[in-house]
Amino acid sequence: MSGARTRADCSRCDAVCCRLTVVLAAEDRIPEHLTARTAAGLHVMARDAEGWCVAVDAATGGCSIYGSRPDVCRRFRMDGPYCRDIRADYRDRRARGIPLAVYT
Ligand code: SF4
């Protein structure tokens, strides 16, 4: 058996990175109804009850504001260490029936 791991790819993912807290930069131009303020006063993308960013298109799993998505989303690296870590945690929770954590 080879030890090769499967490369993480957005086309085979449930948009797990879109459950992370997306802190908005001053230059991001996001419609206000898609944003929220944290208790600490950070301007962030709003999330639904299950923790997904409200800009996720439920029908496609894609970003409904992809062309104007926040800077931090543009910089998130597919198959980078953080991507792989949160995907592993997500898969493990689902396999064991553990409720999804809301990543902060
Ligand atoms: S803005 Fe788009 S890319 Fe960024 S977390 Fe929300 S759905 Fe994902």
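Reader: How many residues apart are Asp-92 and Arg-96 in helix H2?
Author: Asp-92 and Arg-96 are 4 residues apart in helix H2, so about one helical turn separates them. Helices here are DSSP runs of H or I with at least four residues, strands are runs of E with at least two, and both are numbered from the N terminus. Before going on: this is a predicted model, where local features need pLDDT of at least 70, side-chain atom pairs count only at pLDDT 80 or more, and totals for chains, interfaces and linings use all residues. Residues are numbered from 1 along each chain as its sequence is written, and side-chain values use heavy atoms, with hydrogens and water left out.

Reader: What do Asp-92 and Arg-96 form, and how far apart are the closest N and O atoms?
Author: They form a salt bridge, with the closest N and O atoms 2.8 Å apart. The term means a side-chain nitrogen of Lys or Arg within 4 Å of a carboxyl oxygen of Asp or Glu. Side chains of opposite charge can pair when their charged atoms come close.

Reader: Is Arg-96 buried or exposed?
Author: Exposed, at 57% relative accessibility. Asp-92 is partly exposed, with a relative accessible area of 32%. The classes are buried under 20% relative accessible area, exposed over 50% and partly exposed in between, using a 1.4 Å probe and protein chains only.

Reader: How many salt bridges does a search of the whole structure find?
Author: The search finds 5. One of them joins the side chains of Arg-94 and Asp-14, at 3.4 Å from N to O. That pair links distant parts of the chain, since Arg-94 is in helix H2 and Asp-14 is in the segment before strand E1 (35-37), 80 residues away. Asp-14 counts as partly exposed, at 41% relative accessibility.

Reader: And which residue does Arg-93 pair with?
Author: Arg-93 forms a salt bridge with Asp-89, and their closest N and O atoms are 3.1 Å apart. Both lie in helix H2, 4 residues apart, or about one turn of the helix. Asp-89 is partly exposed, with a relative accessible area of 26%.

Reader: Changing topic. How many disulfides are there in the whole structure?
Author: A search finds 0, a disulfide being a pair of cysteine sulfur atoms within 2.5 Å. For Cys-10, the nearest cysteine sulfur is that of Cys-17, 6.1 Å away. For Cys-17, the nearest is that of Cys-18, at 4.0 Å.

Reader: What about the accessibility of Cys-10?
Author: Cys-10 is exposed, with a relative accessible area of 56%. Cys-17 is partly exposed, at 30%.

Reader: Which residues lie nearest the centre of the largest pocket?
Author: Cys-10, Cys-17, Cys-18, Cys-73 and Phe-76, out of 33 lining residues. The pocket has a volume of about 690 Å³. On a 1 Å grid over the protein atoms alone, a pocket is an open set of points with protein on both sides within 12 Å along at least five of seven lines, and lining residues have an atom within 4 Å of a point. Grid points are joined across faces, edges and corners, and the volume is the space filled by probe spheres set on the points.

Reader: Where does the largest share of the lining come from?
Author: From H2, which gives 4 residues. H1 and H2 each supply at least two.

Reader: Next, Asp-79. Where does it lie?
Author: Asp-79 lies in the loop between helix H1 (71-75) and helix H2 (81-96). It is buried, with a relative accessible area of 8%.

Reader: Which residues does Asp-79 touch?
Author: Leaving out residues up to four places away in sequence, Asp-79 touches Arg-5, Arg-7, Ala-8 and Arg-84. Contact means heavy atoms within 4.5 Å. A polar atom of the Asp-79 side chain is 3.0 Å from the backbone nitrogen of Ala-8.

Reader: What is the phi of Asp-79?
Author: Near 70 degrees, a positive value in a residue other than glycine. Most residues other than glycine have a negative phi. Ala-15 also has a positive phi, about 60 degrees, and is not a glycine.

Reader: Where is the place of Ala-15?
Author: Ala-15 is in the segment before E1. Ala-15 is buried, with a relative accessible area of 12%.

Conventions. A polar contact is a pair of N or O atoms within 3.5 Å; within protein, one must be able to donate a hydrogen and the other to accept it, and residues adjacent in sequence count only if both atoms are side-chain atoms. On a 1 Å grid over the protein atoms alone, a cavity is a set of points where a 1.4 Å probe fits but cannot get out, and a pocket is an open set with protein on both sides within 12 Å along at least five of seven lines; lining residues have an atom within 4 Å of a point.
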